Amino acid sequence: MVTNIFSKKLDSATTLFKNEQALYPDFAPSELVGRESIIQTLASIISPAANGMRASNVFVYGPPGTGKTICCKYVLSQLSEYSSKTLPIYVNCWQNDSRQSVLSLISQKAGEVLPRRGISSQEVFSRTLESLWQQKKIPVIVLDEADRLFWGGEDKLLYDLARTWETSKVHSCVILVTNDSELLSKADARVRSSMIGKEIEFKAYTPLELKKIVESRAKIALVDGTYDSEVIALCAAAGARANGDARVSLQALWLAARNANEAGHSKISVDDAKKAFAAQPTSAQIKRERDEQFLEEPEKKLISLIVEQGGSISLSKLYEAYSKKYGASERSIRNYLRKLEFKGLLSTQSTDSNDDQSNSKKVVKVIE
Ligand SMILES: Nc1ncnc2c1ncn2[C@@H]1O[C@H](COP(=O)(O)OP(=O)(O)OP(=O)(O)O)[C@@H](O)[C@H]1O
Ligand SMILES: [Mg+2]
């Protein structure tokens, strides 16, 4: 019988992975290594809400890949399982970056029908609070990547949420999550004071913790016997090199397994893992990749064009190259650039100390 041309590749491509998705960034593991006491602290701060009482707001901060998102999502899911007196809501502020879109999302989660026009999100939110008050439900809202709200002055949202008791007799509980440990100092005094003393720091993972995280994920993702402790140690080291970032370690494991698959190995070799270690993007690059999924198409195209040019390009060349490739006007390109700078993904610098403002003297750079 003639062998099908796809069979060899497919066979080898599926041998090492038992569950490849377990190594994707959005996988939610049931075991959170080394974060038991942090989870307990967070749960005890918000536990009054589970009994229909007022709970404090919480400020959660720490460097990338330290488990903030995964732990907050875990706590919310436990809360919804345990109590019907709360309405747990997770908001990614990269995706919902304005006060209006966050208020709409909260209303939607509360089951409020959003009319297409004629009524503001503020009014819909008031109606939502009214209905929460009637149901005696407390919204517990995780605002992840909350620094995003501060960039565009959308942090007034925090003030709205801090005042729900006064406006509607609804206690809301907000969990603010960010990389920026100084974020609270930029917040309204009232918001700040509602979080004082309720701060949870996620510290960078130690090499040993990273090892345990990689090991426990390898058990779920890979076929038994296809990796050994040296491979685990190398992947853990990739995360340790990126300042204790578990995301980097897990991506290294995924890359190592992919390398082994592509080479047709029945086991991940140390070389496969070393290759993954060497090719491993930094945590900033991984994060940028993740953030980019929320960008508009022209914004994505602009970034890839600059990356193709090695990460920086003069403004005049960028206008020329982009309009040649995609036919956009200089004005709309300027507009996208402004948005990307605002999102902290690009910077424009002048290369001329004599204050020459011409576009050829300005360089647009992708921020690493
Ligand atoms: N304690 C842990 N146990 C198992 N997996 C973990 C743990 N901590 C983090 N991870 C994994 O590492 C990755 C990054 O975690 P997470 O997204 O929660 O980090 P983060 O602190 O929110 O990072 P960022 O600040 O960049 O948003 C995820 O894939 C998550 O599953
Ligand atoms: Mg996160």
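Me: Which residue in S8 is the bridge partner of Ser-350?

Reply: Ser-350 has Lys-362 in S8 as its bridge partner. The model is a predicted one.

Me: How many bridges join S7 to S8, and do they run parallel or antiparallel?

Reply: As a general idea, strands in a sheet pair through backbone hydrogen bonds, and the pairing can be parallel or antiparallel. Here S7 and S8 (residues 362–366) are joined by five bridges and run antiparallel.

Me: In what order do the strands of this open sheet come?

Reply: The order is S6-S8-S7, three strands with antiparallel pairing. Strand S6 (312–314) and strand S7 (346–350) are at the edges; each has a single partner strand, so one side of each lacks a neighbour in the sheet. From one strand to the next, the twist averages 25°.

Me: Which strands does helix H16 touch?

Reply: Helix H16 (residues 315–326) packs on the sheet and touches S6, S7 and S8. The direction of H16 makes about 95° with that of S6.

Me: And where does helix H17 lie?

Reply: Helix H17 (residues 330–342) lies across S7 and S8. Relative to S7, helix H17 runs at about 110°.

Me: How many helices and strands are there in the protein?

Reply: The protein has 17 helices and eight strands. The C-alpha trace spans about 70 × 60 × 45 Å along its principal axes.

Me: What share of the residues count as buried?

Reply: Of 368 residues, 36% count as buried. Among contacts with a separation of 6 or more, 70% are between residues 24 or more positions apart.

How values were computed. Residues numbered from 1 in each chain as written. Chains lettered and ligands numbered in written order. Predicted model: local features only at pLDDT ≥ 70, side-chain atom pairs only at ≥ 80, totals over all residues. Helix = DSSP H or I, 4+ residues; strand = E, 2+ residues; numbered from the N terminus. Buried ≥ 20, exposed ≤ 12 C-beta atoms within 10 Å, placed from the backbone. Contact = placed C-beta atoms within 7 Å. Pairing = 2+ DSSP bridges. Axes fitted to C-alpha atoms, helices over the stretch in contact; angles between N-to-C directions.
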